[in-house]
Amino acid sequence: MVNILITALLRGGMYSLMAVGLSLVYGVMNVANFAHGEQYMLGTYFGYFCFMGLGLNPFLCFVLALGGGFFIGALTEVVIFSPLRKRSGRNWLMNTFLLTLGLSMILKSGTKLLFGNSYRGITSYFQGTVSLAGFSASKDRVIAFVIAVVVIAVVMVFLNKSKFGRAIRAVSMDATGAQLVGIKLKRIYIVTFGLSCGFAALAGAALLSLTPAYPSNGTQVLYASWVVLILVGLGNVGGSIVGGILVGLLETICIQYLGAAWQDVFALSVVILILLVKPNGLFGKGVKSSVE
C-alpha cells in the first residue's frame with residue numbers, strides 16, 4: 001500500500017503541475033487550450049538539446065525550458081490570441097478551442113519536419129535511486145516531483161500574496177471590473193499564458209528520462225491534464241493540485257491490479273461516475289475562478 005501511495009504521489013505531482021497551468025489559462029483567459037500537450041512536448045526537446053547537445057547542468061536545463069516555454073506562450077498570446085480576442089465576441093470559447101486544436105497539429109507537424117519521428121531521450125539526469133519505506137525510485141523521478149511541489153507552492157504564494165498575482169485573480173473573477181479599476185488585461189493575459197506554457201515545458205524537460213522527446217509525446221499528458229480539470233472543476237487552480245494526485249492514485253491502482261492497458265479506462269470511468277453526482281466537479285461551484 002505504501003508503494004502505491006508513493007508511486008501515486010510521484011506520478012500525480014507532474015499531473016498537478018500541468019493541470020495548474022491549464023486551469024490558470026482557462027480560469028483567467030477562458031481559453032480551452034488543447035495545445036497544452038505540445039508545450040510539454042517542446043519542453044522535452046528543450047531538455048534534450050540543452051542536456052545532450054550543450055552539456056548543461058540539469059537544473060539549468062529546467063530553467064531554460066521554463067523560460068523557453070514562457071516566451072513561446074507569451075508570443076502565442078500576443079500574435080494569436082490578442083488579435084482573435086478583438087474579433088471573436090460571443091464565439092470566443094469555440095474559436096479558442098478550434099485555434100488551439102489547429103495549433104496543436106501545427107506544432108506536431110512542424111516538429112516532425114524539423115526533427116523527424118525518432119525518439120530523443122536520455123538514460124537519466126541524475127544517477128542512482130532514492131529509497132523510502134522499502135520503495136525505490138529513480139532520483140530523476142523524485143527530483144521531478146520536488147520541482148513540481150516547489151513550483152506549485154511558489155505559484156500559490158504568488159497568486160495570493162503578490163500584487164500582480166491578486167490582479168490575475170481579479171481578472172479571473174471579473175475581467176471588466178478589473179479593467180475598470182486600472183488593471184491592464186493585456187499584461188495579465190501575456191503573463192498568464194506564458195506561465196501556463198512554461199509550466200508544461202518544465203514538466204516535459206524534468207520528465208525527459210521517463211518520456212523521451214518525440215512529436216506526439218504530449219497527447220497522453222494532455223488527456224490526463226483535462227481529466228484532472230474536469231474532475232475538480234474547470235478553472236480551479238487549487239483543486240487541480242489535489243486532482244492531479246487523485247488521478248495519479250487512480251492510474252497507479254489500476255496498473256497494480258488491472259494492468260497498464262486499463263489505466264485510462266479506469267480513470268475516466270471514475271471521473272464519469274463522480275460527474276454524474278457532481279456535474280461541476282469535486283470542488284466546482286458553478287463559477288470559474290483562478291484560485292478557489
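Trainee: Why is Ser104 called buried?

Mentor: Buried means under 20% relative accessible area, exposed over 50%, and partly exposed in between, with a 1.4 Å probe and protein chains only. Ser104 has a relative accessible area of 7%, so the residue is buried. Ser104 is placed in helix α4, where helices (H or I, at least four residues) and strands (E, at least two) are DSSP runs numbered from the N terminus. The model is predicted, so local features need pLDDT of at least 70 and side-chain atom pairs count only at pLDDT 80 or more, while totals for chains, interfaces and linings use all residues. Residues are numbered from 1 along each chain as its sequence is written, and side-chain values use heavy atoms, with hydrogens and water left out.

Trainee: Which residues does Ser104 touch, not counting those up to four places away in sequence?

Mentor: With that exclusion, they are Phe34, Ala35 and Glu38; contact means heavy atoms within 4.5 Å.

Trainee: Is Asn30 buried, exposed or partly exposed, and what makes it so?

Mentor: The relative accessible area of Asn30 is 23%, so this residue is partly exposed. Asn30 lies in the loop between α1 and α2. Its phi is positive, about 60°, although Asn30 is not a glycine.

Trainee: What makes the pair of Tyr125 and Phe126 tilted?

Mentor: Rings of Phe, Tyr and Trp (its six-membered ring) pair if their centres lie within 6.5 Å; planes under 30 degrees apart count as stacked, over 60 as edge-to-face and the rest as tilted. The ring centres of Tyr125 and Phe126 are 6.3 Å apart and the planes stand at 55°, so the pair is tilted. The structure holds 14 aromatic pairs, and ring pairs link Tyr125 and Phe126 into a cluster with Phe51, Phe59 and Phe62. Both partners count as buried, because Tyr125 has a relative accessible area of 8% and Phe126 one of 18%.

Trainee: What makes a set of residues a nonpolar core, and how many residues has the largest one?

Mentor: A nonpolar core is a set of buried Ala, Val, Leu, Ile, Met, Phe, Trp, Tyr and Cys residues joined through side-chain atoms within 4.5 Å. The largest has 56 residues, and Met14, Leu17, Val28 and Val171 have the most contacts inside it. Its largest share, 11 residues, comes from α8. Apart from this core lies another of 14 residues, including Ala224 and Val271. Beyond neighbours within four places in sequence, Met14 is in contact with Ala144, Ala148, Ala203, Ala206 and Leu207.

Trainee: How do you know that Arg11 is buried?

Mentor: Its relative accessible area is 18%, so Arg11 counts as buried. Arg11 lies in helix α1. Residues up to four places away in sequence aside, Arg11 touches Arg141, Gly248, Glu251, Thr252, Ile255 and Gln263.

Trainee: Which residues lie nearest the centre of the largest pocket?

Mentor: They are Arg11, Tyr15, Tyr40, Leu207 and Thr211, out of 19 lining residues. The largest share of that lining, 5 residues, comes from α1.

Conventions
On a 1 Å grid over the protein atoms alone, a cavity is a set of points where a 1.4 Å probe fits but cannot get out, and a pocket is an open set with protein on both sides within 12 Å along at least five of seven lines; lining residues have an atom within 4 Å of a point.
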